[in-house]
Amino acid sequence: MPTYAHRVDTFGTTIFTEINVLAQQYNAINLGQGKPDFDAPADVVAQVVQALQSGYQNQYAPGPGVPSLRKAVADHVARFYQLDIDPARGVIVTSGATEGILASVLGLVDPGDEVIVIEPCYDSYVPSIIMAHAVPVYVPLHPPTWNFDPDELRAAFSKKTRALILNTPQNPTGRIYTREELMLIAELCIEHDVTVICDEVYEHLTFAGAQHIPLATLPGMFERTVTISSSGKTFNATGWKIGWVYGHPDLVEGVARAHQFITFAVHHPTQEAIAYALALPDTYFQDFRAMYEGKLALLRSALDGCGLKYVAPQGTYFVMTDYSDLFDGTPTEFAYYLTKEIGVACIPPETFYSAEHLHIGSNYVRFSFCKSDEMLLGAKERLAKLRK
Ligand SMILES: Cc1ncc(COP(=O)(O)O)c(C=O)c1O
């Protein structure tokens with residue numbers, strides 16, 4: 001009987017689906033998946049409606065993205081990071097950052113090449129590498145502060161290293177790499193002639209004055225980095241799946257060649273709306289950050305009240321917490337216990353790790369705080385039972 005390809009042998013059903021089903025079954029407050037339970041800004045939604053009704057934006061968009069959005073990406077990058085990007089040859093629009101990551105790996109990495117991944121990490125990186133018939137090489141972040149060991153990073157580079165996937169601000173740890181850490185990554189990538197695929201989808205989610213530094217702004221890095229971002233996080237619109245990749249035209253050309261045969265083009269009316277959204281004044285981005293500072297404070301008070309240990313995240317909307325003082329068992333067992341008995345759902349970190357480094361996260365689960373204040377306050381009340 002025909003069956004599926006070996007390439008997908010290791011791709012199981014994601015834990016997110018499993019936890020969502022369980023949370024629903026037990027009526028738990030779901031702090032699992034990083035999916036806001038509040039809406040995109042009304043004026044941005046209105047732009048989609050207007051584009052839908054305009055009568056000329058319901059057909060295929062240009063494959064690399066609509067000119068207005070590519071220009072808006074270049075303007076946004078110039079406004080926030082002083083990078084000079086060519087909107088015509090240096091930006092392409094993808095179906096979310098997830099397609100941007102796959103298209104980057106397929107367009108920039110050959111079969112048999114090694115790709116360095118810093119873990120725990122977003123769960124599409126390794127499947128993207130596997131689908132490109134390349135080889136992932138893992139470098140762990142070490143809790144509780146989630147730093148990489150410079151010697152471990154250095155040792156991961158070999159003659160076969162073609163690319164490194166970096167994520168800053170980092171899901172699931174909430175780390176924002178410092179300039180010193182980025183300088184070391186840059187030095188090693190330049191020394192070994194390595195391309196960087198830099199996932200910066202949480203670029204506007206930074207806390208307590210932490211500064212997000214795009215790797216492409218470091219000396220010598222622009223020509224070897226493609227940067228990926230998305231409207232999902234910054235505009236509470238994860239369902240729209242509008243992402244983009246920008247960088248040196250020679251690299252973006254490789255990504256664009258893969259993209260044209262993955263999706264060809266992405267949703268046209270929404271691209272017009274995101275072009276509008278990216279041009280919102282600085283106050284939008286400041287208010288957005290302040291809203292999340294408030295949500296982080298609510299989750300922290302819930303965690304402090306129940307004895308779950310954590311190091312405050314510098315960015316993203318996730319907190320990794322250490323439950324070892326409260327529960328004896330694996331992260332999945334703890335996540336099931338918390339969902340069924342306490343009524344709060346979280347994500348065990350197995351999905352973010354290779355087998356090699358899974359033990360490092362063996363006392364941790366991830367909570368998301370992209371949720372209404374009511375939900376976060378409800379979670380605080382329920383989590384208080386944990387200490388008792
Ligand atoms: C680090 C990281 N990259 C990419 C994505 C996916 O972005 P998109 O929804 O735009 O595909 C996520 C979503 O959680 C993420 O955490």
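The structure is a predicted model, in which local features need pLDDT of at least 70 and side-chain atom pairs count only at pLDDT 80 or more, while totals for chains, interfaces and linings use all residues. Residues are numbered from 1 along each chain as its sequence is written, and side-chain values use heavy atoms, with hydrogens and water left out.

The protein contains 13 helices and twelve strands; helices (H or I, at least four residues) and strands (E, at least two) are DSSP runs, numbered from the N terminus. Its C-alpha trace spans about 60 × 55 × 55 Å along the principal axes. Of the 388 residues, 55% are buried, where buried means under 20% relative accessible area, exposed over 50%, and partly exposed in between (1.4 Å probe, protein chains only). Among contacts with a separation of 6 or more, 77% involve residues 24 or more positions apart, a contact being heavy atoms within 4.5 Å.

The accessible surface comes to about 16200 Å², and carbon and sulfur atoms account for 53% of it. Accessible areas come from the Shrake-Rupley method with a 1.4 Å probe, and for residues only the protein chains shown count as cover. There are 28 positive and 43 negative side chains, with the centres of the two sets 3 Å apart. Here Lys and Arg count as positive and Asp and Glu as negative, without His and the chain ends; each charge is placed at NZ of Lys, CZ of Arg, CG of Asp or CD of Glu.

After α1 comes N27, with a positive phi near 55°.

Most residues other than glycine have a negative phi, and most peptide bonds are trans. Against that background, a few further sites deserve a look. N236, in the loop between α8 (231-234) and β9 (242-247), has a positive phi near 45°. With a relative accessibility of 11%, N236 counts as buried, and its contacts beyond four places in sequence include P36, F38, D39, F288 and Y292. F264 lies in the loop between α9 and α10 (268-278); its phi is also positive, about 65°, but F264 is partly exposed, at 38% relative accessible area.

Two cis peptide bonds complete the picture. One joins P143 and P144, with omega about 5°, and P144 belongs to the loop between β4 (135-142) and β5 (147-148). Another joins N171 and P172, with omega about 15°; P172 is in the loop between β6 (161-167) and α7 (179-191).
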